[in-house]
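Subject: Structure handover

Hello,

Here is the structure I said I would pass on. Please open it first, then read the notes below with it in view.

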Amino acid sequence: KRRFQRYFEGDEMILHPNIRKDTYAMVLAEGGDKEFDQIVELYQKASEADQKIAALYAIGTPRTPSLIKRAFEYVIDEKHVRTQDILTPFRSFGVNSYSRETVWKMIKENWDMLQGRYNLPAIAFFFARCVAQITQEFASAEKAEDVNKFFFVDKVTGPDGEETTRAAKIKMPIEQSLERIRTRSKWLQESRDPVKKYLTE
């Protein structure tokens with residue numbers, strides 16, 4: 001953390017470019033609002049694409065509910081993050097066990113707004129890939145049912161006024177996500193007891 005602070009204050013030699021992404025992520029995972037603001041500043045000031053991506057990935061690593069909410073709201077604001085860049089923080093949200101459930105809940109709560117923002121066909125499919133970065137990391141039958149219900153069972157009114165489902169135009173990435181959830185769930189069910197027995201013998 002001290003090395004990061006020195007880097008943030010201008011000592012670029014203290015952090016090799018190859019470890020900045022992991023350093024940013026670790027600092028924000030253990031940090032608070034101050035560290036979040038610093039990572040955002042590094043993202044905004046970065047002139048090289050790889051350093052911009054490193055900071056953007058780290059934005060998805062907070063562990064506290066308030067920072068996760070800040071990060072989500074920052075990422076989906078087009079004034080801050082270009083649409084074509086949001087896959088990076090969503091991937092980070094997905095592998096972050098602290099944020100996965102919270103972000104999935106916020107996606108569901110804000111779906112109408114998100115759909116309105118990313119409603120063009122090509123962008124909608126891309127955004128579905130971002131959502132799948134979150135859902136595919138779940139590993140229970142209950143979560144598979146939750147995702148399936150939200151996208152394929154619940155009925156909504158489409159732009160043409162007809163009844164449809166949320167996955168009507170974005171089926172493939174969501175179906176792939178569901179397949180991964182079910183595969184993980186099955187593996188856990190089949191392997192939990194043998195692994196537990198092996199580790200306790």
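Please keep in mind that this is a predicted model.

I start with helix α11, which covers residues 171–200 and contains tryptophan 187. This tryptophan has a relative accessibility of 51%, so it counts as exposed, the cut-off being over 50%. Valine 195 is also in helix α11. With a relative accessible area of 38%, valine 195 is partly exposed. Trp187 and Val195 belong to a nonpolar surface patch together with Tyr198 and Leu199, and the accessible area of the patch is about 500 Å². To get a sense of distance here, compare valine 195 with glutamate 179: they are 16 residues apart in sequence, and their C-alpha atoms are 23 Å apart in space.

Helix α6, residues 87–95, is another matter. Seven of its nine residues are buried, so the helix is largely enclosed by the rest of the structure. The buried ones are Leu87, Thr88, Pro89, Phe90, Ser92, Phe93 and Gly94. Their cover includes helices α4 (49–58), α5 (65–75), α7 (100–109) and α9 (121–135).

Next, the aromatic rings. The whole structure has 15 aromatic pairs. One of them is phenylalanine 72 with phenylalanine 90: the ring centres are 6.3 Å apart and the planes are at 65 degrees, so the pair is edge-to-face. It links distant parts of the chain, since phenylalanine 72 is in helix α5 and phenylalanine 90 is in helix α6, 18 residues apart. Phenylalanine 72 and phenylalanine 90 are both buried.

Tryptophan 111 and phenylalanine 151 make another edge-to-face pair, with 5.4 Å between centres and 85 degrees between planes. Tryptophan 111 is in helix α8 (residues 111–117) and phenylalanine 151 is in helix α10 (residues 141–153), so this pair ties together parts 40 residues apart in sequence. Both of these residues, tryptophan 111 and phenylalanine 151, are buried. Ring pairs also join a cluster whose members include Phe72, Phe90, Trp111 and Phe151, along with Phe93, Trp104, Tyr118, Phe127 and Phe150.

Two lysines are placed over rings. The charged end of lysine 21 sits 4.3 Å from the ring centre of tyrosine 57. Lysine 143 lies over the face of phenylalanine 138, 5.1 Å from the ring centre.

How many salt bridges does the structure hold? There are 15. In one of them, aspartate 33 meets arginine 70, with 3.0 Å from N to O. Aspartate 33 is in helix α3 and arginine 70 is in helix α5, so the bridge ties together parts 37 residues apart in sequence. Arginine 70 also forms a salt bridge with aspartate 37, and here the closest N and O atoms are 2.8 Å apart. Partly exposed residues here are aspartate 33 at 44%, arginine 70 at 32% and aspartate 37 at 39%.

Elsewhere, arginine 82 and aspartate 85 form a salt bridge at 2.9 Å.

Apart from neighbours within four places in sequence, glutamine 38 is in contact with Phe4, Gln5 and Phe8.

Regards

Note on methods:
Residues numbered from 1 in each chain as written. Predicted model: local features only at pLDDT ≥ 70, side-chain atom pairs only at ≥ 80, totals over all residues. Heavy atoms only, no water. Patch = residues over 30% accessible without salt bridge, like charges linked within 9 Å, V, L, I, M, F, W, Y side chains within 5 Å. Areas by Shrake-Rupley, 256 points an atom, 1.4 Å probe, with all protein chains shown as cover. Salt bridge = Lys/Arg side-chain N within 4 Å of Asp/Glu carboxyl O. Helix = DSSP H or I, 4+ residues; strand = E, 2+ residues; numbered from the N terminus. Buried < 20%, exposed > 50% of the residue type's maximum accessible area, 1.4 Å probe, protein only. Contact = heavy atoms within 4.5 Å. Phe/Tyr/Trp six-rings, centres within 6.5 Å; stacked < 30°, edge-to-face > 60°. Lys NZ or Arg CZ within 6 Å of the ring centre and 35° of its normal.
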